[in-house]
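Okay, thanks for coming, everyone. I've got one structure to walk you through today, so let me put it up on the screen.

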Amino acid sequence: MTQDTITAPVPTEPSAKEQPLIRVRSLKQYFNINTGFFQSRPLKAVDDISFDIRAGETLGLVGESGCGKTTAGRTILHLYQPTAGEIIYRGKTIRTREDVQEFRTHATMVFQDPYSSLDPRMTVEDIIGEPLDVHHIYRNPKERRERILELMEHVGLNSEHAARYAHEFSGGQRQRVGIARALAVSPDFIVCDEPVSALDVSIQAQVINMFDELQDKLGLTYLFIAHDLLVVRHISDRIAVMYLGKMVELADSGEIYSRPLHPYSKALMSAVPVPDPKAARANQRITLTGEIPSPLNAPGGCPFHTRCPYANARCTELMPEFRELEKGRFVACHRAEEING
Amino acid sequence: MALLEVRNLSTSFFTDEGEVRAVNGVSFDLERGRVLGIVGESGSGKSVTAYSIMQILASTGRIVGGSVRFDGQELVGAGEKVMKTVRGNRISIIFQDPMTSLNPTYTIGRQLMEAILLHTDRNREQAHERAVEMLRLVNVNEPEKRMKQYPYEFSGGMRQRVMIAMALACEPDILIADEPTTALDVTIQAGILELMKDIQKKIGMAIIMITHDLGVVAQLCDEVIVMYAGAICEQGTADEIFYNPKHEYTKGLLRSIPTASNTDQKLEPISGTPIDLLNMPKGCPFAPRCDAAMKICIRSRCERMEINEHHAAACWQNLREEMLRAGVEQKGGEQS
């Protein structure tokens, strides 16, 4: 760990006990967008983010559409080849194709839309069995079958569901199938990309509880990406906030709600519609002016300066460093001390 | 007399698999200047209720019973001619998806003016003026310039503002908002809700807010209707519904959402799966998922019962509690 040649800000020097499961260093993901004849410009979907994910924790990743949270999740799993930066899994940097292959038996993904992420022509058994086939995890068909039934039990599906097709299930049950598929290779890390946002309120709670139970039972680590801040707070130990491809704040989930430090986090937290009329009447909302700039024309300096009530000349020129302001609290704001003082 | 009186409204869709009773005996009043929230999950009938009021149902759908009286006039069976004077003029509606509700080939200005020219006697110049005024009302910057732009030049939040401007251009008595912020980000959503609140105060129209998000209801609504399987479970003031729920479904919903106070606890989900409208149970539609279901719940559907002046619910539990209370009082009386 210590002979790292990384120049990026290193968030924590992990103690032996709190060895992070995954370290993300200066991760960048640019997409080339055609802007005209033979012209293209990079869209900086994820622009230089660094953070750690501790073993056994749930790290929530929040932000508004276009902030790069989904891209970050996918790039961490190497579903996209990172433009720059490193993903370090259990102290080993993922570099070659073999590394990626190997990494994918430890890290999987649950997708947002249970209606489009499951092949309608495959039975549940084959959907869950596919990762087992790809990674040659079983020795004979009996073992495959047993493993599939075990996985279905984990997520609360009956063995009689195995021969059915995805369209025969409700949204909540489909998401259970998606989770069983993600669990097939016995991963220790799962990226959950908006796993409950397509579900009805009464079903959401079932799935959220299942994530909790599976974590306890199987010792899983989650990167939980969502835009519903109440759900994220419920499930996460720590929360990271992204804005226009940058990470602006990272803190314990209770802290970030009760005392957000970054001006954007403040606005985001105050915008959450709390299901409590009295609290809603008392809430002093910070209303942001303006729109989120297009990531193609991201402003220079701090990406938030166009909408920030505290922005000054320095903010328009210089990107603030993502620094540890208090122990375990990271924030990227020049004026964090001033405005929180 | 209330501005809108809905009585026993029932709407069905006639599909190949049979009759789907999407709305089943819904009754409520809406007073002038009030904000009514209708909450429920997908398939609860909340949107169909609104579409039935506006009579903009899909071709397979039909109002099969009940009445909708708007400002003293019966709308069910009144005919398309009457509806045309009401729709978009005195009752307006905005939809969930601002991306698809605007015509991409016309300028924003043209689309705004279309509504104004259709429903009022203003000439083009006055209509243009009115359109600019409306854009200003919904806080769109540089309205004159924006009038000449096309929908693709607007962001999602801005498009929803344009939809609101369009819906309000004829100063309707009622604005129906069908999940107006569901497709938007939280900070944009907060802005739109704030805007609706402001305008509601300024113009004094009534709003029917249809949403699945109890948070949105808490921000905006005076009164709330909770729907399940096409019927009203519970209705009352927002405070009554949130702090004194009297239907097992409402209680379950409130327990199952993450809030500030239950972060460290496990959520209590509602068990089971959403109802199949083609196979409705005989008794209370929520009974198969209800932890507190009694024999009577499975046998027969509970009628609406008054809890107090501001609150009514259709749940047998309330009758049971009342009987228990009466029993206790009686016993107490005997003893003394």
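This is a predicted model: local features need pLDDT of at least 70, side-chain atom pairs count only at pLDDT 80 or more; totals for chains, interfaces and linings use all residues.

Let's start in chain A. There's an open sheet of 4 strands here, ordered β2-β1-β4-β5, and the pairing is antiparallel. At the edges you have β2 (39-54) and β5 (92-93) of chain A; each has a single partner strand, so one side of each is left without a neighbour in the sheet. Now look at β1 of chain A, residues 20-36: its antiparallel pairing with β2(A) runs over 13 bridges. If you want one pair to find on screen, take Arg23(A), whose bridge partner in β2(A) is Asp52(A). Then there's helix α1 of chain A, residues 69-76, lying across β1, β2 and β4 (84-89) of that chain, at about 70° to β2(A).

Next, where the chains touch. On the chain B side, 36 residues are in contact with 32 residues of chain A. Which elements of chain B give two or more residues to that side? Those are α7 (186-203), α8 (214-220), α9 (238-243) and α10 (248-256). The largest share, 6 residues, comes from α7(B). By residue type, this side of chain B splits into 15 nonpolar, 14 polar and 7 charged.

Last stop: Met163(B), in helix α6 of chain B, residues 156-168. Is Met163(B) buried or exposed? It's buried, because 24 other C-beta atoms lie within 10 Å, and the cut-off for buried is 20 or more. Leaving aside neighbours within four places in sequence, Met163(B) is in contact with Ile94(B), Pro98(B) and Ser101(B).

Technical notes: Residues are numbered from 1 along each chain as its sequence is written. Chains are lettered from A and ligands numbered from 1 in the order in which they are written. Two residues are in contact if their C-beta atoms, placed from the backbone, lie within 7 Å. Ala, Val, Leu, Ile, Met, Phe, Trp, Tyr, Cys and Pro count as nonpolar, Asp, Glu, Lys and Arg as charged, and the others, Gly among them, as polar. A residue is buried if 20 or more other C-beta atoms lie within 10 Å of its own, exposed if 12 or fewer, and partly exposed in between; C-beta atoms are placed from the backbone. Two strands pair if DSSP finds at least two bridges between them. Axes are lines fitted to C-alpha atoms, for helices over the stretch in contact, and angles run from 0 to 180 degrees between N-to-C directions.
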